[in-house]
Amino acid sequence: MREIPGQLPEDVEDDVIMEIQEWFKSYQAEQRQLGLDEGKQLGLDEGKRLGLDEGKRLGLDEGKRLGLDEGRRLALARLFEKRLGRTMTDEERSTLAERLARLGEERMDEVVLTLDGETLAAWLANPDGR
């Protein structure tokens with residue numbers, strides 16, 4: 001075979017082609033890995049953002065629920081105190097909160113609206129009050 005000036009000998013040309021192919025395969029693998037790494041990071045960032053947003057939403061929902069529960073308890077306690085004609089003791093407040101959780105608002109409304117002060121005080125003092 002005749003050599004053209006400026007052309008590599010055939011065996012050298014084959015070596016160069018092999019090196020270029022190996023380099024290209026390595027380059028593709030690096031690019032794939034970079035893409036995977038970037039994709040993972042984007043996924044983590046998005047997951048954190050979504051998790052934070054969801055956490056905030058759940059926290060707000062729980063805060064609203066607790067605030068409403070506390071407001072109901074305080075309003076009911078005021079009604080009990082008006083019916084009793086005095087400020088409730090800490091123990092009575094604790095009993096009221098426990099019974100509100102156990103018996104529900106409807107039963108508590110019924111109790112405070114139907115019992116007189118003396119009977120209401122006895123109901124609060126009775127550990128079996130229903």
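Contact here means heavy atoms within 4.5 Å, and helices (H or I, at least four residues) are DSSP runs numbered from the N terminus. You're looking at a predicted model, in which local features need pLDDT of at least 70, side-chain atom pairs count only at pLDDT 80 or more, and totals for chains, interfaces and linings use all residues. Residues are numbered from 1 along each chain as its sequence is written, and side-chain values use heavy atoms, with hydrogens and water left out.

**Stop 1: α2**

Select residues 90-103, the 14 residues of helix α2. At 1.5 Å a residue, times one less than the number of residues, α2 should span 20 Å, and its end C-alpha atoms sit 19 Å apart, which agrees.

Now colour Glu92, Thr95, Leu96, Arg99 and Leu100, which are buried (under 20% relative accessible area; exposed is over 50%, partly exposed in between, with a 1.4 Å probe and protein chains only). Look down the axis of α2: the buried residues fall within an arc of 135°, so they line one face of the helix. That arc is taken from the directions from the helix axis to the C-beta atoms.

What do the buried residues of α2 pack against? Show α1 (10-84), α3 (105-114) and α4 (117-125).

**Stop 2: α1 against α2**

Keep α1 and α2 on screen: they pack at an angle of about 125°, with their axes 11 Å apart. Axes are lines fitted to C-alpha atoms, for helices over the stretch in contact, and angles run from 0 to 180 degrees between N-to-C directions. That makes α1 oblique to α2 (under 35 degrees counts as roughly parallel, over 145 as roughly antiparallel, 65 to 115 as roughly perpendicular, the rest as oblique).

For the side chains, pick Arg73, Leu76, Ala77, Phe80 and Glu81 in α1, which meet Arg93, Leu96, Ala97 and Leu100 in α2.

**Stop 3: α1 against α3**

Show Arg72, Leu76, Leu79, Phe80 and Arg83 in α1; they meet α3 residues including Glu105, Met108 and Val112.

**Stop 4: α3 itself**

Which residues of α3 are buried? Select Met108, Val111 and Val112. Down the axis of α3 they fall within an arc of 90°, so they line one face. Bring the other helices back: the cover over these buried residues includes α1, α2 and α4. On the face turned away, finish with the exposed Glu106, Leu113 and Thr114.

Conventions. Helix = DSSP H or I, 4+ residues; strand = E, 2+ residues; numbered from the N terminus.
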